[in-house]
Amino acid sequence: MVVKQDKNGSVKVQKVIDPESNEVLLYCHSAKREEKKRSIHERFISDFEEALTYLASGLHIKRRMKKYDKILEKIDRLKQRYSRVSGQYQIDVVKDEQTGNVVQLNWQRRTDQGTRKDLPGVYCLRTSHKDLDEKTLWHTYTMLTDLEAVFRSLKSELGIRPVFHQVTERVTGHLFISVLAYHLVHSVRYRLKKSQITSSWAQLRNQLEGQNRVTVSMQCKDGQTLHIRKSTRPEPRQQKIYKALEISLHPGEVIKTILNKSSVITRDA
């Protein structure tokens with residue numbers, strides 16, 4: 001069953017009842033995740049084979065590593081470094097008993113058919129809710145993942161974790177502010193999704209970086225100091241978000257402050 005189909009790829013799911021635990025297992029396949037996993041896997045394979053090729057090419061070159069013990073030690077280090085793929089390889093080291101040097105290094109890659117590594121992009125969700133269909137289960141999982149990402153993003157701004165309070169009322173207040181902040185985030189993202197802006201909260205914060213409130217100070221001929229405080233001009237990506245939320249492209253008013261030796265005069269531009 002297809003539960004998602006867009007420009008980023010598709011997600012297919014299959015619901016199975018586990019006979020041992022009597023729980024629901026939802027097997028999911030993400031085309032985007034498969035592409036990413038395969039890309040990472042192929043890069044590790046390429047790097048591992050390149051290192052083995054370099055090691056084998058030096059067996060007959062002067063002042064390159066040849067000793068049997070050193071070669072085995074180097075191979076062990078490569079296996080640890082590329083542990084994701086090294087288990088797929090059968091590596092044979094041929095030793096010259098007279099010199100104690102390695103004269104030949106061969107390797108062969110085995111396939112992982114029928115194993116989890118042969119199914120990139122597949123993951124399994126487990127739940128006790130048997131009454132929910134495949135689509136509802138998957139959307140509930142993505143909703144929880146998105147919620148966790150929002151709270152992770154809010155940790156630094158609100159100090160959600162850790163909670164240092166010890167009095168019950170203060171802990172309750174802390175949790176109330178945290179939940180209230182999430183409701184505000186959800187409200188903003190809900191309005192943005194109506195305008196086809198589906199970025200995560202962390203992505204929205206990154207997109208809005210760059211527009212700031214700045215103060216420019218100027219010294220006048222009469223000895224007065226003029227301070228002008230205003231917002232910088234938003235970039236196109238920021239204007240798109242502001243228009244979707246129906247808020248001003250230049251948040252905050254332009255404030256001019258004149259400083260005399262004896263008084264301060266402030267007025268809006």
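1. A residue is called buried here when its relative accessible area is under 20%, exposed when that area is over 50%, and partly exposed in between. The model is predicted, and the points that follow should be read with that in mind. By this cut-off Leu-184 is exposed, because its relative accessible area is 55%. Leu-184 belongs to helix α5, which covers residues 168-194, and together with Phe-176, Ile-177 and Leu-180 it makes a nonpolar surface patch of about 420 Å².

2. Helix α5 has 27 residues, and the distance from its first C-alpha to its last is 39 Å, close to the 39 Å expected at 1.5 Å a residue. Its buried residues are His-174, Ser-178, Ala-181, Tyr-182, Val-185, Arg-189 and Leu-192. An α-helix has 3.6 residues a turn, so residues three or four places apart point the same way. After α5 comes Gln-196, which has a positive phi, near 65°.

3. Ala-244 lies in helix α7 (residues 236-245) and, with a relative accessibility of 14%, counts as buried. When neighbours within four places in sequence are left aside, the contacts of Ala-244 are with Arg-191, Leu-192, Ser-195 and Ile-197. The C-alpha atoms of Ala-244 and Lys-194 are 8.1 Å apart, although 50 residues separate the two in sequence.

4. Helix α1 (residues 31-57) also has a span that agrees with expectation, since its 27 residues should reach 39 Å at 1.5 Å a residue and its end C-alpha atoms are 39 Å apart. Glu-34, Phe-44, Ile-45, Phe-48, Leu-52, Leu-55 and Ala-56 are the buried residues of α1, and these pack against β3 (24-30), α2 (68-81), α3, β4 (89-95) and β5 (102-109). In helix α3 (residues 83-86) we find Ser-86, which is buried at 9% relative accessibility and which, apart from neighbours within four places in sequence, is in contact with Phe-48 and Lys-79.

5. The structure holds seven salt bridges, and among them is the pair of Asp-18 and Arg-126, whose side chains meet at 3.5 Å, N to O. Asp-18 lies in the loop between β2 (9-17) and β3, whereas Arg-126 is in strand β6 (residues 122-127), so the pair ties together parts that are 108 residues apart in sequence. Asp-18 is buried at 14%, while Arg-126 is exposed at 52%. Asp-18, Glu-23 and Arg-126 are linked in a network of salt bridges.

6. A salt bridge also joins Arg-189 and Asp-146, at 2.5 Å from N to O. This pair links distant parts of the chain, with Arg-189 in helix α5 and Asp-146 in helix α4 (residues 134-158), 43 residues apart. Arg-189 is buried, with a relative accessible area of 9%, and Asp-146 is partly exposed at 24%.

7. In Glu-73 and Arg-77, which form a salt bridge, the closest N and O atoms are 2.7 Å apart. These two residues are four places apart in helix α2, and are therefore separated by about one helical turn. Glu-73 is partly exposed at 35%, whereas Arg-77 is exposed at 51%.

8. How many disulfides does the count come to? The count comes to zero. For Cys-124 the closest cysteine sulfur is that of Cys-28, and because the distance is 7.5 Å it is too far for a bond. Cys-124 is partly exposed, with a relative accessible area of 40%, and Cys-220 is partly exposed at 30%.

Methods:
Residues are numbered from 1 along each chain as its sequence is written. This is a predicted model: local features need pLDDT of at least 70, side-chain atom pairs count only at pLDDT 80 or more; totals for chains, interfaces and linings use all residues. Side-chain values use heavy atoms; hydrogens and water are left out. Patches are made of residues with over 30% relative accessible area and no salt bridge: like charges are joined within 9 Å, nonpolar side chains (Val, Leu, Ile, Met, Phe, Trp, Tyr) within 5 Å. Accessible areas come from the Shrake-Rupley method with a 1.4 Å probe; for residues, only the protein chains shown count as cover. A salt bridge is a side-chain nitrogen of Lys or Arg within 4 Å of a carboxyl oxygen of Asp or Glu. Buried means under 20% relative accessible area, exposed over 50%, partly exposed in between (1.4 Å probe, protein chains only). Contact means heavy atoms within 4.5 Å. The expected span of a helix is 1.5 Å times one less than its number of residues. A disulfide is a pair of cysteine sulfur atoms within 2.5 Å.
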